[in-house]
Amino acid sequence: ILGAMSFGAKSWREWALEETESFAVLDRALERGITTFDTCDFYSLGESERILGKFVKERRVREAVVIATQLGHPMRPGANGGGYSRKYIRSAVEESLRRLRTDYIDLYQTHIWDRAANIEEMVLALDDLVREGKVLYLGITDMPAWQLAKALFTAEARGCARFASAQNHFNLIY
């Protein structure tokens, strides 16, 4: 899997790779057999998704690649600017689909856990996206184990799509 956090705009982070540099990395990755790309709406405030989407579209490789992206980190100020409410999840997926220039996301993951999240609301909203075909699989990043257990239990009890992957810190204490 190639992480795309470094793709974006130098105005976001000075080490970010602009579009041309990012395309060179992506071309090399495909040449080497890497076909899974992990990005996030927050990376360069959507620019990473835009670059990846443009690359996939121009190279006509959508069916040959797996696109993973994440949501949850605040993208704008205010109560509806981030997190895991039904309203934000719906807004975030539509914006990611537009930037990625695709009809579906292979793996949609939570990012930067929000302790105030209503887990049942989040599970139901994410399940809607799977049922609508906008998302194929769900995943989490950096979610405390007890909250993951609660989310998995809620999904099982409600007949909802379950998280299929976990991307956590490699830290015993965490």
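A residue is taken as buried when its relative accessible area is under 20%, and by this criterion Asp-106, with a relative accessible area of 10%, is buried in the predicted model described here. Asp-106 is found in strand S4, which comprises residues 105-110. A polar atom of the side chain of Asp-106 lies 2.8 Å from the backbone nitrogen of Ile-67.

Gly-83 belongs to the loop that lies between strand S3 (66-71) and helix H3 (86-100). Although Gly-83 and Asp-114 are separated by 31 residues in sequence, their C-alpha atoms are 6.2 Å apart in space. Asp-114 is also among the residues in contact with Gly-83, the others being Leu-71, Gly-72 and Tyr-88, with neighbours within four places in sequence again left aside.

Glu-49, located in helix H2 (residues 47-59), has a relative accessibility of 0% and therefore counts as buried. Its side chain makes a polar contact of 2.8 Å with the side chain of Ser-96. Not counting residues up to four places away in sequence, Glu-49 touches Thr-39, Cys-40, Asp-41 and Thr-69, together with Ser-96, Arg-99 and Leu-100. The residues Ser-96, Arg-99 and Leu-100 are those through which H3 meets H2, where the facing residues are Glu-49, Arg-50, Leu-52 and Gly-53. The axes of H2 and H3 come within 7 Å and cross at roughly 45 degrees, which makes H2 oblique to H3. Divided by class, the residues of the contact of H2 with H3 are two nonpolar, two polar and three charged.

Helix H2 also packs against helix H1 (residues 19-31), at an angle of about 55 degrees and with the two axes 10 Å apart. H1 and H2 are therefore oblique to each other, and their crossing is right-handed. On the H1 side the contact is made by Glu-19, Ser-22, Phe-23, Leu-26, Asp-27 and Leu-30, whereas H2 contributes Arg-50, Ile-51, Leu-52, Lys-54, Phe-55, Glu-58 and Arg-59. By class, the contact of H1 with H2 has six nonpolar and six charged residues, together with one polar residue. Arg-50 and Leu-52 are listed in the contact of H2 with H1 and also in the contact of H2 with H3.

A further helix pair is formed by H4 (residues 119-131) and H5 (residues 145-158), whose axes come within 9 Å and cross at roughly 55 degrees. H4 and H5 are therefore oblique to each other, and the crossing of this pair is right-handed. The contact involves Ile-119, Glu-120, Met-122, Val-123 and Leu-124 from H4, and Gln-147, Lys-150, Ala-151, Thr-154, Ala-155 and Arg-158 from H5. The class composition of the contact of H4 with H5 is six nonpolar, two polar and three charged residues.

Technical notes: Residues are numbered from 1 along each chain as its sequence is written. This is a predicted model: local features need pLDDT of at least 70, side-chain atom pairs count only at pLDDT 80 or more; totals for chains, interfaces and linings use all residues. Side-chain values use heavy atoms; hydrogens and water are left out. Helices (H or I, at least four residues) and strands (E, at least two) are DSSP runs, numbered from the N terminus. Buried means under 20% relative accessible area, exposed over 50%, partly exposed in between (1.4 Å probe, protein chains only). A polar contact is a pair of N or O atoms within 3.5 Å; within protein, one must be able to donate a hydrogen and the other to accept it, and residues adjacent in sequence count only if both atoms are side-chain atoms. Contact means heavy atoms within 4.5 Å. Axes are lines fitted to C-alpha atoms, for helices over the stretch in contact, and angles run from 0 to 180 degrees between N-to-C directions. Angles under 35 degrees count as roughly parallel, over 145 as roughly antiparallel, 65 to 115 as roughly perpendicular and the rest as oblique. A crossing is left-handed if the near helix is turned anticlockwise from the far one by less than a right angle, and right-handed if clockwise. Ala, Val, Leu, Ile, Met, Phe, Trp, Tyr, Cys and Pro count as nonpolar, Asp, Glu, Lys and Arg as charged, and the others, Gly among them, as polar.
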